[in-house]
Amino acid sequence: MLGAGTLLGGCGGGSNAPGSQPEPGGGGATGYEGPSVELAFWNGFTGGDGPVMQDLVDTFNSEHPNITVKMTVMEWADYYNKVPTAVSSGNGPDVGIMHVDSLPTSAARNVIVPLDDVAAALELKAADFADVVWKAGEYDGQRFGIPLDMHPLGFFYNKTVMASAGLDPENPPMDRDSYESALEQLKSAGVKGHWMSPHPFTGSQTLQSLIWQFGGGLFNDDGTEVVWHEDPGVEALTWMVDAIKAGYSPTDVGQDADAIALQNGKAAFNWNGIWNINTLKEVPDLDWGVAPLPNIGGQKAAWAGSHNFVLAKQRTPDENRLKASRVFINWISQQSLAWAKGGQVPARTSVRESPEFQKLPEQSALAEQVDYLRFPPSVPGIGDAFADFDQALNEAVLMTKEPAAALSEAADRANKKLEENRKKYGG
C-alpha cells in the first residue's frame, strides 16, 4: 500500500498544470439526465471488500438506467503500474480508487483531476471528517481525493490462547507493562505470543505505529527529510527486536505467518489491518477479539491507510461522462455504512457516530483510534522512501543489522530520493 506513489512517476502529463481538466458544474449532486454512458471504474479490491463494492455498483446501475458502471478489479501493484500508462494513452478509467500516499504523485503527474466541485456538491467540510483523512486528500491547494474510508491497524487477539496461558481473554493488555507481562506469561506457557514480521505487511505498519507512539515521526512536517532514524525510531525498532531476543516471537516470520499463527492458535496477539476482521470471521470455531493498538511508547498512535475516489484525466474530455462520474462518486460516498460492512471505518463522522455503525462491534472498536491515526505527508513521490524504511525493518528484525545502523543507512538513501523527487516534481 505504502510506496504506491513511486509507480506513477513515469506518466507524462504534458504541459498542462495539475488540475487543468474541465469540470462540469453540479459536482454530481444534481443527477444525470444526459444520453446513456458507460463508465470504467478501476480499483484493487481483490479481497473480501471486492464483492461489497460490486454489490454497490450493481445497485447504482439499477437506479441509474442511463449510466452503466463497469468495475475492473486487479491487484493493487498492477493497478498502480497500469493507470498512468493507460491515462497517457487515452485508455484510462473514468473513476478510480487510490490510497492517500499515491494522490500527490498522481496529481503532480497530471494523472488525476481536482474534485473540489464534488466536495462542494456533497457539502463536505473538514468538520465532517477526521482531520487527518480530510487533509490527506489535498495537494497544492486543491482536493484530488474524496475519502471513502480509513483502514487502520488494530490489535487482534486469540481468546483461547490467552485463557490457556492464564490471561483474561476479556481484558487484553493495553499498555507496555501489561503487554510485556502478558508476553512473558505466554512464553512460560510455551507460546510465542506476538510474531514480529520483517515484511511490510504487517511489520512496517507495526514499526510506523510504534515510532509515532514513542513520540517520533517518519518525516519532518513538510516531507522533505526523513526523521525515522532519530531516537524514537531506534527505540521502537529495538522494542520489536528485543521481543524476538526475549523469545516472545520466532526469529524469521514469513509473510502473513503472523496472521496465520493467530488463527491456528500458535500466537496470542497480532497487529493487523481492519481488513483482517472478515478474514477471522470465516475461520470456524475461532474465539477472537479486536481492540485499538496497545500504547507501548506513551502516545496513542496507529498506522492507517485510506481509499479515496479519484477521476482520471481524459485525453478527450467528454462532458457527459465527466458529469456521470461525479454522480457515481456522489452516490457511492453516501453508502458509507454498507461499505463499512466490508471491513472499513467510514470516513464520514456522522456515519461513524450512527447507531447503525455501532452495531458493527469490530469496526467501531477500531474507529476509536480515529483521532490519532497517521498518514504520510502530501508530497509527490513520498512513497519512494518506504522501500528503504522496509529494508531497515527487515535487516533489524532478521538481526543482520543493529536497529540504529539499519535506520540511519536507510535514512541516508531515502533523503537522496526525496531530494531527487523535489527536482523531478518541481517542489
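Aspartate 285 is exposed, with a relative accessible area of 83% (exposed means over 50%, buried under 20% and partly exposed in between, with a 1.4 Å probe and protein chains only). The structure is a predicted model, in which local features need pLDDT of at least 70, side-chain atom pairs count only at pLDDT 80 or more, and totals for chains, interfaces and linings use all residues. Residues are numbered from 1 along each chain as its sequence is written, and side-chain values use heavy atoms, without hydrogens and water.

Aspartate 285 occupies the loop between α11 (276-281) and β10 (288-291), where helices (H or I, at least four residues) and strands (E, at least two) are DSSP runs numbered from the N terminus. Although not a glycine, aspartate 285 has a positive phi near 60 degrees. Aspartate 256, also a residue other than glycine, has a positive phi of about 70 degrees. This residue lies in the loop between α9 (231-245) and α10 (257-263) and is partly exposed, because its relative accessibility is 41%. A cis peptide bond, with omega of about 5 degrees, joins phenylalanine 201 and threonine 202; threonine 202 belongs to helix α8 (residues 200-213).

The chain contains 18 helices and 14 strands, and 58% of its 427 residues are buried. Its mean pLDDT is 91, with 93% of residues at 70 or more; pLDDT is the predictor's confidence in each residue, from 0 to 100. Over residues 1-16, however, the pLDDT is below 50, and this stretch has 45 contacts in the model beyond near neighbours in sequence (contact means heavy atoms within 4.5 Å). Where pLDDT is low, the predicted coordinates should not be read in detail.
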